[in-house]
Every structure is written in structure tokens, then in C-alpha cells.
Amino acid sequence: MAFNVETNFGQGKVFGRKLHNFPIFRYKKGANVIFCVAIGPTQVPQLPWKLIFNEKERPLLSNEKFGIYGGKFVPETLISSLTKLDYEFYSALHDPQFQMELEVALRDYVGRETPLHFAQRLTDYYKSINKGIGPDIYLKREDLNHGGAHKINNAIAQAMLAKRIGFKNVVVSTGAGQHGVATAAACAKLSLECTIFMGSLDMGDMERQPSNVLLMKNLGAKVKSVKGSFKDAMSEGIRYWVNNLDKTYFLVGATIGSHPCPTMIREFQTIIGKETRKQAMEKWGGKPHVLVACVGSGSNALGLFHEFIQDDHVRLIGVEASGTGLDSDQHSAAMARGQVGVYHGAMSYLLQDEEGQVIVPYSISVGLEYPGVSPELSFLKDKGRIEFSTVTDEEALEAYKRLCRLEGIIPSLEASHAIAFLDKLCYTLKDGEKVIINLSGHGEKDAAFVFNHTPNHE
Ligand SMILES: Cc1ncc(COP(=O)(O)O)c(C=O)c1O
């Protein structure tokens, strides 16, 4: 197997041999020999070879797996598109021009940096029920981003990437609609056509989050209803993308799907943790003791946690939705009750029955309803680096109201799960320890629902 290829160093020859079923190619340039992993003999000539090498002659490929998790469990016909996306993502990541443009967009359009707010009355509340002892509670205000959630951090970056590659059409799957709103806004700004798939029928996501549907339409996106929930919208988005590979950029908003999506989305969300480290240093001259985030797919959690993974003394806690209870079949707790499986092209913890069929997830909070979870979080759970816990619908509703009344801040029902976890956490901590909750989104979208589930509307 030998190919003549055009690279950014001019013509070269590539030789191949099989290793663990992957072809390894050798490219000779003068006396140098460069090794890189490529995607498969039949697709080699179509690869964008010029993107494989950077100036330092290093292969531009990201890790495909987190231990056993992640990967590309897709038909062979999709491999070259995913590999091309990986090259494009990595080349953008190393391109100072792209990074500078992204920095400006995050600052001037998204509204970063988001504040790290000291929640004085919430802190006092927990101290008052534990003999005056309790942690200092801070909120990372991702709800203040343009669009009302962390989703825009990734949506704007990927929309810029889509444009840079040359796509004119973007397709999206959304659950709570926050990713849909963020992407519709980013597409309007960058003059890209946007088609959004969202679950519908019998109190599906479109009926549960109607305000976001209106926002997406007002922003010029086409919203297509899919029978079912987010997982079905995701499947429909993938189907659409597969049929329009050359014309359409599938803009994934969660740390799920085939490589490079989980890595790419996490990378575009790490701004949350980077800012948090700087702000903690400014506010109290050290690191936080505990970071807490809700977990649907894991993008806001990894966005906050990733920066601190090497800081062994910083506890990282992900909170899943246990719905009406872990022992009911109405929950969304893939870490607590899932087993390892493959879904939407990647391996992760997954809610499945004895025959491996996916169990339909449930939560009061639409954005936490997904049967799988990020491959990277799955890996970090096995390593013991991230702790996981769960919060029920009722506990999340209480937390929503508590934050409204104590801090004058309206959290999304997703973020309310992280806030509710304080009930379990606070009395285990020393006085004055610093806890940061990722307030992943604004709760305006959930206001009517919460109001209708409040006895006597009080
Ligand atoms: C506000 C908000 N927070 C959290 C999530 C959960 O997603 P992830 O775990 O990827 O952050 C969603 C998903 O839609 C959301 O809208």
C-alpha cells in the first residue's frame, strides 16, 4: 500500500501497514520520518493531508478515546467526515487568528467573562440550619451568557468552525432548547442557515419549553418537530446529517456522539473553568474546595471541572437527575444506574435494559434527559476523580424556588439540580470552605412550569 499525496510540504509518499487494525503511514521528507494514524486504506487519498501536519511536523490528531470510552462507532462511510472534522477542529485550535476571533466573540457577543457571585443569603441559610457552620457558596453565572446558558460557548465556536470549513447549512438537535437558541443566534450572526430538530408530542420537549421554540423561530431557524424526546431529536439530526454530509455541518451541543464531538465540545466549554480559577484567585487567593455541576451529557460539568482535574485537592461533583426516584424507572441517572454501552456512536455509561435496549430517560428538567453521558466523564468516574450524586424532581423544584427567594436569581431547572445538592453537601464541609456551583442556565424557560407546580402559586 503506497500513495503519492500532496501535503503542505509538497509531494510525498505514504507507506502503510496495519497495527491494531489501523493503517500507519510513513511520510518521508528529507531525512525526517513522520508517523501518523490515518483512517483506512480506501479513504486515504481523500484525506485533507495538508491538515495532518503543522509547522512543527506533528500529526494534528486528538485522542479518540478516554480509556475504553468514546470512539467512533459509526459506519465506515462516516469515518472520513469525522476525521476531517477532527483535523479542522485541531487546526483551528492551533490557529492564533481563529483563537483571537473566538476571544472577541466570547467577550463582545457572548458577554464573557461571567461573574463568580458570592451567594451571601444562600450561605447564611445553610449556616443557619447547621449551628452557624457552613461553606461559602459561590455561583458561576453561566445564566448571564447571551442566550441564557453555557451552550453559546460551544455554539459560537462551532458555528465559526463551520463557516471556516466552508459550510452554509447547520443542523442541530436540542433538548431544552438552550442549545437550539444559542446555535440559532450564532447562525444568524454568521449568516448560516440553521435547521433544528426538537422532540415533540404528548408533552415532548417542544411543549415543555415553548418559549425557546419561539426564540429559535424568531432568530430565523427552521424548527422541525421529532416524535419523542432529545434522544430521538439527536437520532433525527444524525440521520439528516448522514444524508447531507457534503452540504451540512452537524453542530452537536452536548459532550456526546462520535469523536471528535465530546472532545471538541468539552474544549470549547473549558473557558468556564479557566475563568473560575482566575476569579477564585482574585477573590480569596486560592483554589475552590468543591465544584458542583448538574450532568445531562456533561458539557457544563466538564467545562467547569476540566481545568481542575490535576488539582487533586479540589473535589469535583456531578449531579444527575433521579426524577421520581432512582428505584422508579423515571430517572436520567446514567452514572448511577447505567452500564457501559454504545449509543449515538460512542461508548459511555448508558441506561439500558438486560437486552441492551436503551431505556427512555426522564427528568422534570428537559436538558438532563439523555440515556447516555459524556465518555470523558465516564472515564473520570471509573478513575474516581469525579464523584457523582443524584437529586430528585422535588428537590430540584425546591432549590429553584430557594434561589429565587434568597438571591433574586432564577436558575434553570437543570442548574437547580446542582443547587439542590447543597442540602446533602453543606453539613459535611468545614466552616468557610469554598463551594462553586455552576449556574448553567437561566430559568425563565421553566417559570410557567414551576409556577403551575407550586401549591396555591405561593
Ligand atoms: C441550562 C442547561 N444546563 C445543563 C444542561 C445539561 O447539559 P450538559 O450536561 O451538557 O451541560 C442543559 C441541556 O440542555 C441546559 O440547557
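User: Which helix is largely enclosed by the rest of the structure?

Analyst: In this predicted model, that's H9, residues 261–269: nine of its nine residues are buried, so the helix is largely enclosed by the rest of the structure.

User: Which residues are buried in H9?

Analyst: Cys-261, Pro-262, Thr-263, Met-264, Ile-265, Arg-266, Glu-267, Phe-268 and Gln-269.

User: And how much of the chain is buried?

Analyst: Buried residues account for 51% of the 458 residues. As for secondary structure, the chain has 17 helices and 18 strands.

User: What about contacts, how many join residues at least 24 apart?

Analyst: If you take contacts between residues at least 6 apart in sequence, 72% of them join residues at least 24 apart.

User: OK, switching to the core. Which residues touch the most other members of the largest nonpolar core?

Analyst: That core has 116 residues, and Ala-159, Val-170, Leu-291 and Val-292 touch the most other members. Helix H4, residues 151–165, gives the most to this core, with eight residues.

User: Where does this core lie relative to the domains?

Analyst: Between domain 2 (96–108 + 149–266) and domain 3 (114–147 + 269–457), because both give residues to it. As a general point, nonpolar side chains tend to be buried together in soluble globular proteins.

User: What does Ala-159 touch?

Analyst: Skipping residues up to four places away in sequence, Ala-159 touches Val-170, Thr-183, Ala-186, Cys-187, Leu-190, Leu-192 and Leu-251.

User: Now strand S13. Is it mostly covered or mostly open?

Analyst: Mostly covered: S13 spans residues 290–294, and five of its five residues are buried.

User: Which way do the residues point from S13?

Analyst: Val-290, Val-292 and Cys-294 point one way, while Leu-291 and Ala-293 point the other way, and all are buried. In a regular strand the side chains alternate between the two faces of the sheet.

User: Does S13 pair with S14 in the parallel or antiparallel sense?

Analyst: Parallel, over five bridges, with S14 covering residues 315–323. The bridge partner of Leu-291 in S14 is Leu-316.

User: Let's go to the ligand. Which residues come nearest?

Analyst: There are 22 residues around the ligand, and Gly-296, Ser-299, Gly-367, Glu-414 and Gly-441 come nearest.

User: Which helices supply at least two residues of that shell?

Analyst: H5 (178–190), H11 (299–305) and H15 (413–420) each do. The largest share, three residues, comes from H11.

User: How do the shell residues divide into nonpolar, polar and charged?

Analyst: Eight are nonpolar, 13 are polar and one is charged.

User: And why does the ligand shell lie between domain 2 and domain 3?

Analyst: Because domain 2 (96–108 + 149–266) and domain 3 (114–147 + 269–457) both give residues to the shell.

User: Is Gln-339 buried or exposed?

Analyst: Gln-339, which is found in S15, is exposed, because there are 12 other C-beta atoms within 10 Å, and 12 or fewer counts as exposed.

User: What is Gln-339 in contact with?

Analyst: Leaving aside neighbours within four places in sequence, Gln-339 is in contact with Tyr-349, Leu-350 and Gln-352. The C-alpha atoms of Gln-339 and Gly-372 are separated by 9.4 Å, with the two residues 33 apart along the chain.

Terms used
Residues are numbered from 1 along each chain as its sequence is written. This is a predicted model: local features need pLDDT of at least 70, side-chain atom pairs count only at pLDDT 80 or more; totals for chains, interfaces and linings use all residues. A residue is near a molecule or strand if its C-beta atom, placed from the backbone, lies within 6 Å of it. Helices (H or I, at least four residues) and strands (E, at least two) are DSSP runs, numbered from the N terminus. Ala, Val, Leu, Ile, Met, Phe, Trp, Tyr, Cys and Pro count as nonpolar, Asp, Glu, Lys and Arg as charged, and the others, Gly among them, as polar. Domain bounds come from an automatic or database domain assignment. A nonpolar core is a set of buried Ala, Val, Leu, Ile, Met, Phe, Trp, Tyr and Cys residues joined through C-beta atoms within 7 Å. A residue is buried if 20 or more other C-beta atoms lie within 10 Å of its own, exposed if 12 or fewer, and partly exposed in between; C-beta atoms are placed from the backbone. Two residues are in contact if their C-beta atoms, placed from the backbone, lie within 7 Å. Two strands pair if DSSP finds at least two bridges between them.
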